[in-house]
Amino acid sequence: MKDIYFGCSKQISRLGYLRRNVEHMRKLQQTLPQSKLIVFNNRDNQSKRREVLINSIANQKKLSYLDVHSHEIFQDILHKWLQFNIDIESHVVEKTVIPWSQIDEELKAVSIFWLGQDDSGITTSENVGTSVFSIDISNSDLLYNYITEHVKTAGHSFTNGMPSVLQLSNEDASAYSYSKMFIDFISKNRYCPACGGHIVAVNLGSRLYCLNDSPWDDPARCEANLTSNNLQFPRTDLVVIIALYDSSGRILLGNNKRHPGKIVEKNDETSGKLVKWTSKMYSCFAGFMEPGETIEQACVREVYEETGLELQPQDVKIIESQPWPFPANIMIGCMAILRDEQTDDRKINVHLDDELEHVSWFDSENVSKVIKGADIGILSKSDTEVEEWFLPSPESVAGRLIGRAVDACSDLRGKF
């Protein structure tokens, strides 16, 4: 089976144990000319959505890995950032601080993270063992103008939302997911949640450190400093996603109101008449876990809230997971069988949390044909309107869970 999208097993080696190693930081300074850089920015859209620099080669989108030695302006800022990490490490160990006013203004304007080392040739086919950095230039006029004048003109551009990212190879998408989650973490957390003091990223961008300069406390006594070793780690939000099936060979799928469907008008191949064609994605059921819940309990709650059906926790099986960098989730993939009266169509109720537009049972053999591309899913059809259903990408956790549900239904059919 292929690696799940955003979670390639050939990812850059993270080498997390080296993030606090000062000697390693000095080696990174020495090898900067051989390094690669991933660039993020949120200036190119009104919603301030953070996008990544990509390039298109032969109509294929690829993540842009800039050669650091070709861009002196980035080499200088990375060298300065590494020196800052070297200098502040003793303060982190001793739980002391430096004044915010003494930090270089250029460093305050950017967010930088060291991903690790490319040991599998992701960045180029030849350059294995290359260090990879990522940087957010949203708040730096100097770097943004440089990218606009010298890099965009060379065929690079920032992505235009999720559709562009989903066209990347899995290796590129995994590096994107990994770097974006850390860049979002650094960029969105500028002040300490405990005391309101300034925060700086340390340990090569993997943790946040409070400078204990609260504007309200005098003298400043940050609780994060006193009780949590004064460090904050990236937040990942847990989401359960579950595929449901029954013993008769049916799979339950839903259409989310956020994805109302794409509508086009086209001529029917048989009659030649103009037809209104609506395509809607039907998928698994999903939702954020709440504090104090097990994965099984979260699945039971989410299924009830979205469908009105009562799932038994002992019927939930945890299958696999997928990183989801929009913005920083981990999808926990599960499967479960619905039993007895819970398979009755009349029990379905989508109005409890009013999140789904429609929920319906689908024959697993029909689902299997749609997965394989041997057929298209038709919900309804007339001379003037067609409503088609389609499934998530087979490399997503939702697509893979639906495929497993098809296999489970096939196994159940074989028993009778």
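These legends go with a few close-up views of a predicted model.

**View A. Helix α6, from end to end.** Helix α6 covers residues 170-188, and at 1.5 Å a residue its 19 residues should span 27 Å. The end C-alpha atoms sit 26 Å apart, which agrees. Most of α6 is tucked away, with 17 of its 19 residues buried.

**View B. The largest nonpolar core.** This core has 38 residues, and those touching the most other members are Leu 37, Val 39, Phe 74, Phe 133, Ile 135, Ile 137 and Ile 147. The largest share, nine residues, comes from α2. A second, separate core of 30 residues includes Ala 173, Tyr 176, Ile 186 and Cys 195.

**View C. Around Ile 137.** Setting aside neighbours within four places in sequence, Ile 137 is in contact with Val 39, Phe 40, Asn 41, Phe 74, Leu 143, Tyr 144, Ile 147 and Phe 158.

View D. The side chain of Lys 80 meets Asp 104 in a salt bridge (3.5 Å, N to O). Asp 104 lies in the loop between α2 and α3 and Lys 80 in helix α2, so the pair ties together parts 24 residues apart in sequence. Lys 80 also meets Glu 106 in a salt bridge (3.6 Å, N to O). That pair links helix α2 with helix α3, 26 residues apart. Glu 106 is partly exposed, at 39% relative accessible area.

**View E. Arg 346 with Asp 344.** Here the closest N and O atoms of the salt bridge are 2.9 Å apart. Arg 346 counts as exposed at 75% relative accessibility, while Asp 344 is partly exposed at 25%.

Definitions and conventions:
Residues are numbered from 1 along each chain as its sequence is written. This is a predicted model: local features need pLDDT of at least 70, side-chain atom pairs count only at pLDDT 80 or more; totals for chains, interfaces and linings use all residues. Side-chain values use heavy atoms; hydrogens and water are left out. Helices (H or I, at least four residues) and strands (E, at least two) are DSSP runs, numbered from the N terminus. The expected span of a helix is 1.5 Å times one less than its number of residues. Buried means under 20% relative accessible area, exposed over 50%, partly exposed in between (1.4 Å probe, protein chains only). A nonpolar core is a set of buried Ala, Val, Leu, Ile, Met, Phe, Trp, Tyr and Cys residues joined through side-chain atoms within 4.5 Å. Contact means heavy atoms within 4.5 Å. A salt bridge is a side-chain nitrogen of Lys or Arg within 4 Å of a carboxyl oxygen of Asp or Glu.
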